[in-house]
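Dear colleague,

I am passing on the structure we spoke about, and below it you will find my notes on what turned up. Please read them with the model open beside you.

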Amino acid sequence: MKTLNHIYIAGCLSALLIMASCGTDQSNNNPATTSVSGNSKTQSVEVVKPQQRSFIAEVLITGTAMPNQKVTLYAMESGYVEAVYKDIGDMVRKGEVIAELKNPEVVRLYEEKKAQLEAKQSVYERLKATREETPALTPLQMVEDAKAEYLSVQAGLKAVEDRLGFLQVKAPFTGKITKRMVDHGALVQSGLTNQNAQGLFELQEVSPIRLTVPLPESDIAAIKEGMEVTVTFPELPGESFKAKVSRTAGALDPASKTMQVEIDIDNPKGFIKPGMYAKALMQISSRERVLSLPVTAQVIYQNQTFVLVVNDGKVERVPLRKGLSNKDYFEVLNPEITGSSMIIVQGKGLVQPGQIVQPVFKNE
């Protein structure tokens, strides 16, 4: 009985060995297993060739709208505010009276000087007439002294008249009142003699508007006075303003390495408000038929700009030399890049220099 059991167990073991042997042969001949082991597929990348284009390089810079002129008005004579004719938001013309002050002391001084002038004039004219009729009775020195006193009082009266005129606060230029800092009855000091004098109004000239733009150092050489500029304001959708570069600072700000450029914009209806942000589009240069690539061809590596070129099926990283540029294209200055070069624009992050790739041309 034991012999039969041994025979049965031996037969089972032989069958298992045969099945294992057959399974190993089938696994070695399975084509799916072979394809998994071959995992070195060639990476496909999208490429373009540099093309000749008529190239316009533009620069778009954010600037700030500022008043053409801005001043705080002070009283030129001390007094109290008797009348205020304008308030914030009001437009005023050059020379228009904005407010009036009153100073009783100056008024009394004016009356005194006026009376003194009449007396001195009378004495001088009487001595002058006597001198002409009887020269021997009226010394010349007496006439000249009387004339000097008369002219002195006349000059004093003119000075007091000027002080009376200073009691009227007038607009130095046409503009808009943007701040009012005093009320009726307020006592104010002369801004000519008091360093801590109270300001009365803030006046801004808002037409033209002076747009200030910080121009980067790289674009300074291309910007000149008289160049045309297109200005848009985000707060004024659909509006664009044609203007010209009015003036440049001619020097760089050491902190920001930018140069201030100013653009005057006509603003007769006052749509542009001081303080608004603006976009200034300036055409800095143009060339006909230059070799260019789309901006998507650029790649940044270790803070430098490169392009990935496919040469003989392999990827090559080439340091980029750019010329003119705009938001869509840039001029290529590399002598080794020609119109037949294949430049990767899609799949740049999937490949490395020296890798074999399959270039696929992009339909532009």
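By class, which residues make up the lining of the largest pocket? Before the answer, please keep in mind that this is a predicted model. The lining has eight nonpolar residues, three polar ones and one charged one, and the space inside the pocket comes to about 170 Å³. Two or more lining residues come from each of β2 (51–74), α4 (140–166) and β6 (168–170), and β2 gives the most, with four residues. Among the lining residues are Val71, Leu73, Tyr74, Phe166 and Lys170.

Strand β6 also belongs to an open sheet of four strands, in which the order is β6-β5-β3-β8 and the pairing is antiparallel. Because β6 and β8 (187–188) stand at the edges, each with a single partner strand, one side of each has no neighbour in the sheet. Further in, β3 (residues 79–84) and β5 (residues 97–102) are paired over four bridges, and Val81 has Leu101 in β5 as its bridge partner.

Strand β1 (residues 43–48) is paired in two senses: five bridges join it in parallel to β20 (residues 357–361), while three bridges join β1 to β19 (residues 343–346) in the antiparallel sense. Glu46 stands opposite Val360 in β20, and Val47 has Ile344 in β19 as its bridge partner.

Turning to charged side chains, the structure holds twelve salt bridges, of which I describe some here. One of them joins Arg163 and Glu77, at 3.0 Å from N to O; since Arg163 lies in helix α4 and Glu77 in the loop between β2 and β3, the pair ties together parts that are 86 residues apart in sequence. Arg163 is partly exposed, with a relative accessible area of 31%, whereas Glu77 counts as buried at 9%.

Lys179 and Glu202 also meet in a salt bridge, at 3.9 Å from N to O, and because Lys179 lies in β7 (residues 175–180) and Glu202 in β9 (residues 199–216), this pair ties together parts 23 residues apart in sequence. Lys179 is partly exposed, with a relative accessible area of 44%, and Glu202 is buried, at 8%.

Strand β9 takes part again through Arg210, whose side chain meets that of Glu262 at 3.1 Å, N to O; as Glu262 lies in β12 (residues 258–265), the pair ties together parts 52 residues apart in sequence. Arg210, Arg247, Glu262 and Asp264 are linked in a network of salt bridges.

With best wishes

Definitions and conventions: Residues are numbered from 1 along each chain as its sequence is written. This is a predicted model: local features need pLDDT of at least 70, side-chain atom pairs count only at pLDDT 80 or more; totals for chains, interfaces and linings use all residues. Side-chain values use heavy atoms; hydrogens and water are left out. On a 1 Å grid over the protein atoms alone, a cavity is a set of points where a 1.4 Å probe fits but cannot get out, and a pocket is an open set with protein on both sides within 12 Å along at least five of seven lines; lining residues have an atom within 4 Å of a point. Grid points are joined across faces, edges and corners, and a volume is the space filled by probe spheres set on the points. Ala, Val, Leu, Ile, Met, Phe, Trp, Tyr, Cys and Pro count as nonpolar, Asp, Glu, Lys and Arg as charged, and the others, Gly among them, as polar. Two strands pair if DSSP finds at least two bridges between them. A salt bridge is a side-chain nitrogen of Lys or Arg within 4 Å of a carboxyl oxygen of Asp or Glu. Buried means under 20% relative accessible area, exposed over 50%, partly exposed in between (1.4 Å probe, protein chains only).
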